[in-house]
Amino acid sequence: MPDSAAAPASPTAQPTQPGQSTPPSQPTQTVPGRTFVHPGLLHTEEDFARMRAKVAASAQPWLDGWNTLLRTGRSTLTVSPRPLQTVIRGGDGSNFGQFFIDVARSYQLALRWKLTGDTAYADKAVEFLNAWSSTLTSVTGNSDRFLAAGIYGYQFANAAEIMRTYSGWAAADFARFQNMMLTLFYPLNHQFLTTHNGSEITNFWANWDLCNMACMLAIGVLCDRADVYDEAASYFLTGRGNGASSQSVPFIHPGYLGQWQESSRDQGHSTLGIGLAGAFCEMAWNQGDDFYGYDNNRFLAGAEYVAKSNLSDASGNPYYLSMPFDTLVNRQGTGTAISPGALPHYRPVWEMVYNHYVNRLGLAAPFCAQMATRMRPEGDAGGGDQLGLGTLTFSRDPLAASVAPSGLTARLVGGKVELSWWGTAKASSYTVLRSTVAGGPYTTVASGISGLLTYTDSGLAPNTYYYAITAQTPTGNSAASNEARVVTAVVPHTLLQFSESEGTTAADTSGNGHHGSLMNGAQWTAGKLGNAVLLDGVDDHVALPPKLMDGLADFSIAAWVFWDGGRDWARIFDFGSGTTHYMYLTPQAAGAGLRFAINLTNGWGDQALTSAPLPTGQWVHVAVTLSGSTGTLYVNGSAVATNTEMTHAPFRMRSTTQNWLGRSQFPRDRYFNGKIDDFRIYNGALSAAQVAALAT
């Protein structure tokens, strides 16, 4: 269960957050494809310089953190390594405790050397690293071997990354250690992330992925292997397992409380996941990649949710009892609420998260801040799950100036405008501003907002609105946040009339540029309202642009369909990014009929609308609408199914890459056999009368 430092470039060109610092300047080594910073995993030379200066000045909390390091008993010069030829975790003969203790010792000895300059500690750390790299030949056990390879592997790589700067570590010995990481640990990391031990992919909780991602990323840096580093980074962004960004935080509630993937399991594993994901992000940050800020600080949303789950209000009432929870379904079962298991759970992982977002960037993270305060000074907890000691290693002075609120989003939900934003560390309250003109002038909608940073604006006439947020700080009002635009009118988002008679482009006449491309020989034919697109049921389909459903909460989709029949699971439309996130309409599901579904969790827990199978050999009008959490399915203008618990709006799929008419995200499903005409997507939910009008 395991996982980086500077306004690193965002992995997908995300905007830099206010207050973001710049990458550390340190010695680097050039490798094909990228230049790595060394040392550059959890700690850089700039970090060590800060620690040394603060401890020398007896500054708090660094001095308390230093004294905590001295008290663990794992950085003394009197201990000797106890290397094993085979490390076993899980099953008979487990001996992994002997390994993780020596890993912790090597790391803590390395810290003492870097902070004191006493080479006796460096020599002792090297003794541990050499003993293990010259002895260890395998890491095994039951499926828990992947946890051992991930957790202890990334930690061991961190100890070695610190010691690589010591002239007393022979080059041949360092090379042998690198080889151990590449030949014993990386293969297990890669095997797990690609096969998940032969299991269904949601069988393993987030921490299993996260520890192997962390180890893989660390090995990439330690061994100057850009390919290994990029494999881990790519998995964070687009992996299908529960440790990837969108699955580890599968649902974000208003106010940016990001439900953690293991929250319905127990709090011990939830806090473990925060430590592992935080380590991954910190190591990547130190190499110039901002995974902390990816997808509008998605990890911070998850960290705030887990921290709050383990805290209580001023009256001692546990927060988790009143926190929102979206039902989570996976191979392990159905979670319906935050689990009180191991609650409250206090793990020494919060300084890293708190100091990044609050002191490095100037953002507000009130629950992470409370957890960091409660745990200060952080030890290592002794169990091997984390390196710990974050009060010493991650504490930093806060930014001198306040930053503006950031990350504002505005979505049309149930006909109302739902706002959420990230606060600033020094704010006491916030003001919501609104305009009908981009850039203002704005009028004040609400002020004095504190606590959960969300606001719902209702009773608005159909129009386009622009919102911004300001913060009230000790020095006055902050600058305004980014501006968020929302349309409250039900207006066309995509309109494919298929009126063409030649070529392979279906024009989007909505004016939004969502043109379709006819693929694999799809043809024009006579339609219901003019021409239509003819799909052969073999491989014909229409491809629509990426990011098609970005930002849509309330929506409507409607089309005229002529189905020639065929096997189950053909698609009228299917928008998604493979089988991890998708939304589709099929004329006939197996054992059922017409079915619309949206899914955020690898095929588990569809939120769906179903009706009788679509009639064949005739034109039928179909439509789907979502208003808030109420979805409605229409056939020929009449409602045939309603679901009032559809919380998975299209924007929650994030930026979809495969948006198709006539083709499924699942390769084994059949293509649509028939004709489609007048395909429409609307921003907002059409009324029953408006759907009926389209059907006539």
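Helix 5 (residues 145-163) packs against helix 6 (residues 171-195) at an angle of about 145°, and their axes lie 9 Å apart. Axes here are lines fitted to C-alpha atoms, for helices over the stretch in contact, and angles run from 0 to 180 degrees between N-to-C directions. Helices (H or I, at least four residues) and strands (E, at least two) are DSSP runs numbered from the N terminus. The structure is a predicted model: local features need pLDDT of at least 70, side-chain atom pairs count only at pLDDT 80 or more, and totals for chains, interfaces and linings use all residues. Residues are numbered from 1 along each chain as its sequence is written, and side-chain values use heavy atoms, with hydrogens and water left out.

Helix 5 passes helix 6 in a left-handed crossing (the near helix is turned anticlockwise from the far one by less than a right angle). Contact means heavy atoms within 4.5 Å. On the helix 5 side, the contact residues are R145, F146, A149, G150, G153, F156, A157 and A160. They meet F177, M180, M181, F185, L188, N189, Q191 and F192 of helix 6. By class, this contact has 11 nonpolar, 4 polar and 1 charged residues. Ala, Val, Leu, Ile, Met, Phe, Trp, Tyr, Cys and Pro count as nonpolar, Asp, Glu, Lys and Arg as charged, and the others, Gly among them, as polar.

The protein chain has 15 helices and 32 strands. An open sheet is formed by 8 strands in the order 18-19-22-31-24-25-26-27, with antiparallel pairing. Two strands pair if DSSP finds at least two bridges between them. Strand 18 (505-506) and strand 27 (607-610) are the edges, each pairing on one side only. Strand 25 (residues 582-586) and strand 26 (residues 595-599) run antiparallel and are joined by 5 bridges. Within this pair, L585 stands opposite F596.

Most residues other than glycine have a negative phi, and most peptide bonds are trans. The peptide bond from Q60 to P61 is cis, with omega near 10°. P61 sits in the loop between helix 1 (45-56) and helix 2 (62-71). The bond from R376 to P377 is also cis, with omega near -5°. Y256, not a glycine, has a positive phi of about 60°. N636 has a positive phi of about 50°. At 41% relative accessibility, N636 is partly exposed.

Conventions. Buried means under 20% relative accessible area, exposed over 50%, partly exposed in between (1.4 Å probe, protein chains only).
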